[in-house]
Structure formats: structure tokens, C-alpha cells
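Hi there,

Here is the structure I promised to pass on.

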Amino acid sequence: MTATKNPIFCAIDTSDPAKAARLVAQVKDRVHGLKLGLEYFMANGAEGYRKLVPEGVPVFLDVKLHDIPNTVAGAVKSLATLKPTFITLHTSGGPAMMRAAADAASQSAQSFGSPRLKVLGVTVLTSLDKSDLAAVGQGGADVDVSAQVVKLAKLAKASGLDGVVCSPEEVKTLRAELGPDFELMVPGIRPIWAAANDQKRVLTPREAVDAGASWLVIGRPITGAKDPAEAAAKIAEELATA
């Protein structure tokens, strides 16, 4: 299920505010929104965010919060003042932390009279395999990574989160397990004409949408193109006409 005919969040993966501003100017009218992560946010902070993001442009702020419930709730309230559309936290922080974040998002919306920001959970980082999970005590040496992803995604939904970030290979399973209204934000998307770069498990935009992705995070195929605006428009057109 896709929420819009243009479900693309363009990943602005740079700490350089001037470079980020150039990219935003090029793509903001060709994509649904912007994805900003720790690289940009830690270098430039809230003020850099405000200077970069045009009024009314949706933002997926990928900060991956993980702390005690009260601290995470406070962080959500602080981030809510920036009015992003989505923020992230680690589901491994547990149900109390996730509930605190979801409650803080709702309270902030009431306080500011603005749309409620949506909280997405990060389940198992794609850089981790079964040996990594075993090393940190998430099961034994035979732990099933896919099963752990589903378990944490279900916990996220039960704890009041709006969705999860998931790899392309997890989309179909999570959509079936979690229903049509749970948000699935999917990175690792590559158009068929783009190189895979460092992503080993990828889908094309159309494949991801057909599998059940709500939103697509696309970086290098757009930002690394000779003409980022043209590349973004090409992907959006492929999705609209396929």
C-alpha cells in the first residue's frame, strides 16, 4: 500500500549545509519529502534543520532515539517543534520507551496545534547478522534474524508506533503481518537503471511499492545523478505510470 503516487523521500546524506541546500533546491518539487539523518542533524542541529527545510516540505528525520522512556519522550517533544513528518527510534528500547514516545508525539500535537508527527521503529539494523544478535544476547547462535524483525515490528505496533523502517526483503512479510495501515518506510531502493552501490539487498521502486511499501527512501540514484531533479522526476513518473 502506498500513501501517495509519489512516495519518495530523498535522502540528503551529507553534513555540508551548502551541499544539502543545493540538493534540496533541486529535488524538493520532484519528491514527496526529504530524509535527514544523523550525519546532517548532528553537524548542523535544529537551526541547520530550520534553515534547510522549505516550509511545507515533509521530512523523515532519522535520528534513531534509544534511551530511558522519560528521556526519549522529552526528545520527541523537542523534535516535534521542528514539525517533521516522521522520526525514528530503536524498538530494542522496549515497549515502555515506545509508548512514551508515541504519547509524547500526541501531546506535542495537542500543545502546538499541529499534525502529530509519526514515530517509526527501527528493528534489526541491516548491518547485523545472526552472530551479531547472539553477541548482544538477542537469541542464541541459531537466532532467526527475520523472525526477530517481525517480533520487534509487532511489538512496535502494540506499543503505539505508527510504523517501522524495514529493508526491501522484509516488506512483503511485514505488510502481511501488520495490516494495510501500518507505515513501512523502505530504504535500499534502486531504479533498474541505477547502480546498487553498497546496498546488497535492493528492490526497484515499483517492486517495493507492489510488495507493500508505504514510503521509499532513495539517495544516491537521485543525489549522485548528473541532474538530481531529472532523476527524481524519472522515478516518480515510472511509479505513476507503471
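Lys-83 sits in the loop between α3 (69-80) and β4 (86-90); helices here are DSSP runs of H or I with at least four residues, strands are runs of E with at least two, and both are numbered from the N terminus. Its phi is positive, about 60 degrees, although Lys-83 is not a glycine. Most residues other than glycine have a negative phi. With a relative accessibility of 58%, Lys-83 counts as exposed, where exposed means over 50% relative accessible area, buried under 20% and partly exposed in between, using a 1.4 Å probe and protein chains only.

Before going further, please keep in mind that this is a predicted model, in which local features need pLDDT of at least 70 and side-chain atom pairs count only at pLDDT 80 or more, while totals for chains, interfaces and linings use all residues. Residues are numbered from 1 along each chain as its sequence is written, and side-chain values use heavy atoms, with hydrogens and water left out.

Lys-64 is another non-glycine residue with a positive phi, near 50 degrees. Lys-64 belongs to strand β3 (residues 59-65) and is partly exposed, at 26% relative accessibility.

Now to the second largest pocket. Lys-83 turns up here again: among the 23 lining residues, those closest to the pocket centre are Tyr-49, Gly-56, Leu-82, Lys-83 and Pro-84. The pocket has a volume of about 460 Å³. On a 1 Å grid over the protein atoms alone, a pocket is an open set of points where a 1.4 Å probe fits, with protein on both sides within 12 Å along at least five of seven lines, and lining residues have an atom within 4 Å of a point. Grid points are joined across faces, edges and corners, and the volume is the space filled by probe spheres set on the points. Helices α2 (38-52) and α4 (95-112) each give at least two residues to the lining, and α4 provides the largest share, four residues. By type, the lining has 14 nonpolar, five polar and four charged residues; Ala, Val, Leu, Ile, Met, Phe, Trp, Tyr, Cys and Pro count as nonpolar, Asp, Glu, Lys and Arg as charged, and the others, Gly among them, as polar.

What about the interior? The largest nonpolar core has 66 residues, and Leu-36, Leu-61, Val-76, Leu-89, Leu-174 and Ile-222 have the most contacts inside it. Helix α4 contributes the largest share of this core as well, with six residues. A second, separate core has 10 residues, including Phe-60, Val-122, Met-185 and Val-217. A core of this kind is a set of buried Ala, Val, Leu, Ile, Met, Phe, Trp, Tyr and Cys residues joined through side-chain atoms within 4.5 Å. In soluble globular proteins, nonpolar side chains tend to be buried together.

Leaving aside neighbours within four places in sequence, Leu-36 is in contact (heavy atoms within 4.5 Å) with Ile-12, Tyr-49, Leu-52, Val-53, Val-59, Phe-60, Leu-61 and Asp-62.

How many salt bridges does the structure hold? There are eight, each being a side-chain nitrogen of Lys or Arg within 4 Å of a carboxyl oxygen of Asp or Glu. Three of them are described here:

- Asp-13 pairs with Lys-35, the closest N and O atoms being 3.3 Å apart. Asp-13 lies in the loop between β1 (8-11) and α1 (17-27) and Lys-35 in strand β2 (residues 33-37), so the bridge ties together parts 22 residues apart in sequence. Asp-13 is partly exposed at 45%, whereas Lys-35 is buried at 12%.
- Arg-116 meets Asp-162 at 2.9 Å, N to O. Arg-116 is in the loop between α4 and β5 (118-122) and Asp-162 in the loop between α6 (145-158) and β6 (163-165), so this pair joins parts 46 residues apart in sequence. Arg-116 is partly exposed at 27%, and Asp-162 is buried at 18%.
- Glu-177 and Lys-154 meet at 3.0 Å, N to O. This pair links helix α7 (residues 171-178) with helix α6, 23 residues apart.

Lastly, Thr-204 is in the loop between β7 (183-186) and α8 (205-211) and is buried at 18%.

Best wishes
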